[in-house]
Amino acid sequence: MTTAATGESVVVTLSTFADAKDAYRSRDLRQSLYDEGEVVMADVLVNLHGTEHRDRRRVENRMFRRDVFERYERDLFPEVTAQTLAPYVAAGHVDLVHLGHELMLNLAALTAGIDRPEGTAAETARLHAHMMRFIEGATLAHATGDKAAKAAEVARALEEWDAEFLAPSIARRREILAAGDAEAPRDVLTTLLRHADELDLPHHVVRREVAFYLLAGAHTSATAFVRTVDHLLGWFADHPGRAHAHTDPLFLQRAVHETVRLNPSSPVGRRRALAPVALRSGTTIPEGATVVIDLQAVNRDTTLFGPDAAAFDPDRTVPAGVAPFGLSFAAGMHVCIGQDLAAGVVARPDTDPDTHLFGLVTGAVGQLFAAGVRHDPEHSPERDTTTARPYWATYPVLLGGGS
Ligand code: HEM
């Protein structure tokens with residue numbers, strides 16, 4: 001733990017697993033990761049606290065249930081993934097970064113409840129451009145330049161997206177619900193509309209909540225997808241004797257978990273102390289302090305993950321009580337609601353692969369390896385130099401044949 005005073009505020013940085021977990025579970029520590037991202041993030045689930053959070057989460061949890069995940073994982077996602085992949089397999093190559101975003105946007109649009117009635121590439125490109133704007137809005141704290149102007153652009157994008165995508169999606173769902181149709185889609189928007197009386201949310205809050213689900217589901221899963229494939233291509237090159245491991249979905253799921261451990265979607269969690277807090281380790285946090293949870297350090301703790309904690313090892317075993325993905329899905333009240341959907345359920349020695357949930361990232365990685373993904377010897381991947389985060393700008397791969 002380190003404490004630093006900047007101006008008037010105290011910043012407490014937590015870098016042990018125990019402190020981090022304790023902090024995530026404290027009711028006196030409030031979310032503050034999106035403090036400057038209100039244009040998209042004001043009053044969305046991850047930014048609510050106390051009873052407001054509990055009531056919204058209780059309603060939305062009704063969609064994030066095992067039977068719904070099974071339907072997505074077994075029926076809906078494999079088909080959407082195959083359709084998205086088909087033109088690239090026919091062409092024999094794709095940029096993995098582009099594919100990751102397209103694929104996960106398709107899957108996130110399904111779970112958020114955003115229809116694309118045209119079904120054209122141009123329509124998907126417009127939805128993608130909106131989502132990228134929403135991501136900029138959520139992370140305005142890290143933006144350089146005129147933040148007010150950026151916020152205004154994001155607000156405009158929300159209005160335009162609402163007119164083209166959200167309003168018609170709401171209208172269609174209202175009709176289905178009014179007809180008492182038990183076959184209404186299982187998505188976040190339908191869930192919010194079905195429980196509109198209970199939550200009493202104004203339209204602009206529904207707008208932000210669905211926009212948030214779109215970005216929370218798509219961006220995190222897309223980066224996990226690209227990084228898992230990158231890690232695995234390197235790992236297979238180093239382990240020629242295990243060339244067929246990609247046909248084992250339990251192995252692929254461990255690779256996804258290991259990737260997510262090494263690369264949390266945000267390198268830190270952030271909270272603000274509403275009252276003085278004493279963690280079980282004896283660490284004290286004064287009221288008003290900002291708490292920074294250093295996930296990068298926590299997830300690479302050598303006492304938990306071994307001396308090679310910073311390396312990618314899909315065969316790694318972890319101690320009881322520690323998840324293979326560390327704290328990358330957080331813990332406590334804001335623990336990722338989409339965790340099982342994205343990364344499945346953690347397997348046990350007696351897991352039956354026929355009934356197991358592997359997660360949508362695992363499924364997409366498996367379908368890509370089945371399509372013969374391999375490095376393109378003539379075009380190397382390039383890092384994104386516009387951000388300090390470890391993102392790829394471009395990652396060309398070959399598909400089909402020869403694998
Ligand atoms: C690999 C993929 C993903 C990662 C690494 C991830 C990570 C996280 C983390 C760290 C948080 C907690 C943030 C905090 O407390 O500061 C979170 C919350 C959340 N995530 Fe995810 N997420 C992923 C996929 C998804 C998906 C697929 C969805 C939706 C379908 C989703 C929806 C949410 C929502 C709604 C919350 C807020 C929960 C609450 O505040 O109660 N996430 N996620």
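Which helix holds glutamate 70? I found glutamate 70 in helix α4, residues 66–91. The model I am reading is predicted.

**Glutamate 70**

I checked its surroundings. Glutamate 70 counts as exposed because it has 12 C-beta neighbours inside 10 Å, and 12 or fewer is the cut-off for that class.

**Helix α7**

I went along α7, residues 147–178, and noted a kink of about 50° centred on aspartate 162. Aspartate 162 is itself on the list of buried residues in α7, which also includes Val154, Ala157, Leu158, Trp161, Phe165 and Leu166. I looked up what the buried residues of α7 pack against: α2 (38–41), α6 (121–138), α8 (188–194) and α10 (203–238). Just after α7, I recorded a positive phi of about 70° at glycine 180.

**α5 against α6**

Next I took the pair α5 (residues 96–112) and α6. Their axes are 11 Å apart and the packing angle is about 90°, which means that α5 is roughly perpendicular to α6. From α5, the contact uses His101, Leu105 and Ala109; from α6, Leu127, His128 and Met131. I sorted the contact by class: four nonpolar residues, two polar and no charged.

**Ligand shell**

How many residues surround the ligand? I have 26, of which the closest are Thr220, Ala330, His334, Cys336 and Gly338. By class, the shell has 15 nonpolar, 10 polar and one charged residues. Helix α10 gives the most, with six residues. Both α10 and α14 (339–343) supply at least two residues each.

Alanine 330, one of the closest residues to the ligand, has a positive phi of about 65°. Alanine 330 sits in the loop between α13 (302–305) and α14. With 20 other C-beta atoms within 10 Å, alanine 330 is buried.

Aspartate 43 is another entry, with a positive phi near 50°. I placed aspartate 43 in the loop between α2 and α3 (50–61).

Conventions: Residues numbered from 1 in each chain as written. Predicted model: local features only at pLDDT ≥ 70, side-chain atom pairs only at ≥ 80, totals over all residues. Bend = angle between axes of the 7 residues up to and from the residue. Helix = DSSP H or I, 4+ residues; strand = E, 2+ residues; numbered from the N terminus. Contact = placed C-beta atoms within 7 Å. Near = placed C-beta within 6 Å. Nonpolar A, V, L, I, M, F, W, Y, C, P; charged D, E, K, R; others polar. Axes fitted to C-alpha atoms, helices over the stretch in contact; angles between N-to-C directions. Parallel < 35°, antiparallel > 145°, perpendicular 65-115°, else oblique.
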